[in-house]
Amino acid sequence: MPLLTSLKRALTLNFLLVASIPVLFFGLLNIQLLSKQQLDGVRARNMMQARSVSEEVESFLLEVLSDLRHVQQTIASDTILRPDSVDDFLAGVVRNSQFFESIYLLDNNRQILHLGVLPKLQSRRDDYVKLDFSGHQIFQNINVDERPVWSNTFVSLVTGEPSVTLGVPMQQGFLLGNIRLRSLGKLLQRYSTHGGVEVSIVDDSGTLVAHNIAEKAMQRINFGDHPTVVAAMKGTETTQEFEQGTRHYLESATLITTPEWVVWVGLDMDKVMAPIFHMRNLLIGFMAVAAILASFIALLNVRRLMQPLNALGERAGQIANGDYELNLPPSGYSEIDVLADQITNMSHAIKIREESIVSNEQRFRDLVNSIDGIVWEMEYPSCRFLFVSRQAEVMLGYPIQDWYEDPCFWEKKIHPEDMEQSRAYRQLMSEKQDDHDFEYRMVAADGKNIWVRDLVTVVVEDNRPVRLLGGMIDFTAQKELINALSHSERNYREIFNSTSDAIFIHDAETGRVIDVNQAMLNMFECDYEKALVSDLGAFSQGESPYEIEDARLKLQDAQEKGSSTFEWHSRKATGELFWSEVNLRSAVIGNRNRILAAVRDISERKKAVEKLREVNERLSLLINRMPLGCILWTLDFTVNMWNPAAEAIFGFSENEMLGNSPFGTIVPEEVRPVVEPLWDRMKAGDTAAHSLNDNVTKDGRIITCEWSNTPMSDISGEIIGVLSMVQDVSDRKAAESELEKYRARLEELVTERTAQLQAAQEELVQKGRLAVLGQLTATVSHEIRNPLGTVANALYLLKDSLRGEEHAHLARPLLLAERNVERCDNIISDLLDFSRQRKIEKEFFEIDTWFAELLDELSFPDEVHCHWDLSSQATVLADSERLRRVMVNVITNALQALAEKPNANKLLDIQTRVIDDRCEILVRDTGSGMSEEVMARIFEPMFSTKNFGVGLGVPIIKNIMEGHGGGVDYHSEPGMGTTVVMWLLLENDSLG
Amino acid sequence: MGQEITKVLIVEDDPDFAESLMIALGVRNCHVDLARTGEEAIRKFHSLCYDIAFMDIKLPGKDGVESLVEIRDFCPTAHIVMMTGFSEAAVLDKARQAGAVDILRKPFRLKEMFGHIDKLHNEPSSTSNH
C-alpha cells in the first residue's frame, strides 16, 4: 500500500474522508429542502392543472349544451323544419357532431318522437322509435324550469364508451342528447402521461368519466376513496398525497360546477421525485462509503500504528528501565521509522549521558561521602531528611535508615541543653530565608556528645523556604582544643604571675617591654604601667657593661642564638642596685618574635658564692699542703681531684691524671683483680674498703701504697664519688715483705736483684749519658751548623764558578767536600734525634698509601730488585714524621747492606701486613747480613760497623717504634741478608 | 729574572755565614743588606721595604721569631724566610704561625734560597707594595 507508507498521507486521506461526510450531509439536507420546495411547486402546479382541466371540461360541456340548445331552437321554431324532416335533421346533427351519439326528441310522454343516430346505427333506428324514456334516470332531476339536466354517466351499449345524457326541456317534449365522453378523453389526452401525470374526470357519484390514459377511461373506476375527490364534491379544492397500492400519488381535485363533476389530477410522486431521490440516495451512499472507508482506513491505521507505537512505548519503557540496546523493526511508516531512529539515537545519547550521570553521581556520592562531615538535605518545615551522606553513620553512629525514617530525628539527637535554642534558631533563620551556620551538640549512638558545626543553605521556592541543605562538621576536637587553650591561657597567666622570677616579655626588634609579671613588679619595686613604658636602661645599673646599649646587644644575641644566660647588674625603680641572673630566650608568641627575660635576684647567691669560694680556697690549701696523697674519684673511677702530694708519690701531674682511670696509669695490670672488687665495695658505700697494694709511678717504678678510702655522698645520701688518702709505704712495706717472703731464698734473690739493679743502673747511666749528650748536641748543633752552612755555600759558589773542562779535576774534590758537609749534618741530626725525647704526635693514616708515597720519594739503585707488597689495608695511629725517619733509616741500612755484597742477587722486599692486633712492616734485604756478635750490639748507641755514621740509626729506630707502643725485631744471617720487622699496635677502631 | 733588582735582607749573626749568603745573592743580581740582630732587622725594615728577608732564628737580643712577629706587625705582607741550625718544634710552629714563608734548615742548599727569590718574580703581587 504505497499510498499509506507515509503516516502523513494516511492521516490526510483519513481526514479528507471524514471531512467529506459533513459536506455530504449538508448536501443531503439541501436536497431534502429542495425536494420539499419542489413538492410545493408540484402541488401548486397540480392544482393549477386541475383547475385548467376543469375549465376546459366546463367549456366542452357548455359547447355540447350550446349545440343541443341550437338543435332545440331549430326544432322549436317550426318554421325551419318540417315535421317530417326532424329525424333527418337530428341524424345530420349527430352525423356532423363530434360528441353526439344520438339525439332524441321526446314528447311529453317521454316517448321518442324523433331521433337522429350515428349512420352505422341507422339500421337499428327503428328500434328506438316510440321508445319510452319516462323511467329514465334523467327525469328524476327534471325541473319545472327549462334548465338543462345532466344524467348520470353510463357506458353506452351502442358504442361501449362512457357517455352522458344531456336533457333540455322543450315546450312539447323533451330533447335528449347522448354525448360520447370519448372526446372528453381526447381532450384530456393532451395532458401527456409523460412525467407520470394522470388526469381524470369523475362524475358526482365518484365514477371515472374520462381519463387521459385511454385504457383507464374504459374502466369504470370509482374515485370515491380518494379524499381529495370527496373534499371536492363538497366544494373544497385540495391537494394531498395519496397511497394507492404500490403507487404514491400527489393528487388534486376541483369541482366543475355543471354538472358537479370533479377533475382529478394525480401525479406519480415516485416519478416526479425520482431525480431528487436519486441524488439523495447517491449522497447517502457516498456518505456511507466515505464513513466506512474512513473507518476502515482509520482502523487500518490504528492497527498499523499501534504496533510500532506500542513497540516505541515498550522501547521507551526499556529505556526508562535502563535497557538501551534494542533495535526496532521497520514499521511501514517513514515518520515512525525516523522517530524510531531518533529514539534509538536518543537512547544512545541517554545511555552516554546516563553513564556520565551515573559516574558523575558516583563521583558526587563518593565526594559527598568522602567529606569529613555530614552532607544533608532536609524538607522544610517538616524537618524530614531527604538525603544524608554516609559519614553520618561514622560520625554519630546511627544507621542512615534512622535519619530518613524518623521525621524528628534531628531534634531528638540534639543535646537536650542545646535543643530548644538550635531548633528556634534554625526556624528563625529559615523563615528569614537566610543561610546560616551554628554550633550545637549532638548525642552520638554511643552516648558521647559530639560538637557539630552546621552550615545551612535555605532553598526558597515561591518565596517560601522549602528545603534546607547543609553540612555538619564534627569539631569536637577543636572545641576541646579551644577549651584547653583557654584553660592553658589561664594556667599560663597564673604561672606567669606566680613564679618567683621576674619575667619580661620584650619585642624582639625594638626591645620594648610588652608585658611583665607580678614578680617583676615586686622585684623592681615598680608599678605595671611604669614597667611597660620604661626602656631597658631604667632597669640596668647604667655603667658599662650594664648600659642600655649592652642590654640591647644581649637581646640581639639571644634572638640570634635562641637563648642566653648572663649576670646583670640591675636597678630597681627606687634606684637600688642588685645582682641578677638573666635568662633570655627567643620565642614566637602570637606570630610575633619576642624575647622572654627571666630575671632572678642573685644578690644572696652572690654572697653565698663568695663565702663558698673562701671555704674552697681554705680547703684547697689544706689539700694541697697535706703530706698525704688526696685523690677524689668519680663514680666511673676517673680522677676528679689530684693533690700535689699524689703527684709527688706517683709522678703524674694533676693535668695528666684528671679524667684518667687508675688502670693504665697508677694501677699495674696484675693488681687490677685486687682493686676492682675494692672499688665495687666503695661504690656500694663501704667505708672500710681500705687496701695496701702495689702501684706504679709515671716513670715505671712499682711502689707499695696504703689506701684509705671514703665514699662521698650528696645531701640525698647518694654516693657521688670516693675520696682516697694514699701514702707511699714502699720502703717499709717492700722491706717487710721481701724479708717475710723471700727469706728462704735470700741469696738467690739478692743475686737476682743485684743483676737487675745493675741492669737498671746501666740503663740509668746510659740515659744520663744520653741526656747530657742531648743537651750538648742541641747547643753544639747551632754552633756547628753555621760553619757547615758557610762551607756549603762556599762550595756551591766555587762549584758554580769552576764549571768547564779546565776545572774538571776539581769536580771530585768539590763533591767530596759537599758529601762530607752532608755527613756532618746527618751526624748532628742523628744525635739530635736520638738524644732528645721528641714528643710523638699521633694521627690516624692509612699505612699502605703513606708507605707507597714514601717509597716514591726515595731513589733506589738500578741493580737492586725491588718488590713491594703493601696490602695490610690498616689504618695506624702514629707520628708519620717519626715513622718516616724509621723507614728511611731501615731502608738506608738495607741499601748499604746490599751495596756491601758485590755481584750478588740484590733483592729488597718490603711488605705490610696485619697479624692479630699488630700492623707489621717487613723490610728484607739479601745483603751482607750480620753476625751474631754484631746483632747483639745493634741497639747499642754509638755502635757502628760502618765507616760513616755515629751508630745511632738502629737505636733511633728502636726508640721511635717503642715510643709508639710498638717495637722492632732484627733477623739476620751473615751473607744471607737481614729482615727487619717493625710493628705497631692497632687501635681498636683503626682496623680495616 | 735578572732584569729586576731584588731587595734582600739577611739577618744573621754569624758573619762568615752571612757573608757567604751575601756573596751568593750578589751573584744573583740582588741588592743585599745585612742585619746582625733582630733589632737591626726591624730598623732596616722600617727604612726600606725589602722584597724578601732571610732571618736566623737564633739571634742575640730579640730572636728571629720575635723580630718576625714585630716586622709582620707593621708590615703584614713582609716576605720572610726563617733559617735555623736547630730549633724545638714549638719554636718552628710559632714562626709558621707568625707568617714565616718557609723555614730553611742549615746547612741548606743555596738552590733552596734562590728558589724563594725566583718565586718572588713568578708571583710579584705579594710583597712589592705595602
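1. The area buried between chain A and chain B is about 1,700 Å², and carbon and sulfur atoms give 60% of it. Buried area here is the accessible area (1.4 Å probe) that two parts lose on being put together, summed over both. The size of an interface is often given in this way, as the accessible area lost when the parts come together.

2. A word on the basis: this is a predicted model, in which local features need pLDDT of at least 70 and side-chain atom pairs count only at pLDDT 80 or more, while totals for chains, interfaces and linings use all residues. Residues are numbered from 1 along each chain as its sequence is written, chains are lettered from A and ligands numbered from 1 in the order in which they are written, and side-chain values use heavy atoms, with hydrogens and water left out.

3. At the interface, 19 residues of chain A are in contact (heavy atoms within 4.5 Å) with 20 residues of chain B. Two salt bridges cross it by the rule, which asks for a side-chain nitrogen of Lys or Arg within 4 Å of a carboxyl oxygen of Asp or Glu. B:Arg109 forms a salt bridge with A:Glu822, with 3.2 Å between the closest N and O atoms.

4. On the side of chain A that touches chain B, helix H22 (746-801) and helix H23 (811-835) each supply at least two residues. H22(A) gives the most, with 14 residues. Helices (H or I, at least four residues) and strands (E, at least two) are DSSP runs, numbered from the N terminus.

5. Do have a look at A:Asn693, which sits in strand S24 (residues 691-696) of chain A. A:Asn693 is buried, at a relative accessible area of 7%; buried means under 20%, exposed over 50%, and partly exposed in between (1.4 Å probe, protein chains only). Leaving aside neighbours within four places in sequence, A:Asn693 is in contact with several residues, including A:Val671, A:Ile703 and A:Trp707.

6. Chain B has five helices and five strands, running β-α-β-α-β-α-β-α-β-α from the N terminus on. Buried residues make up 49% of the 130 residues in chain B.
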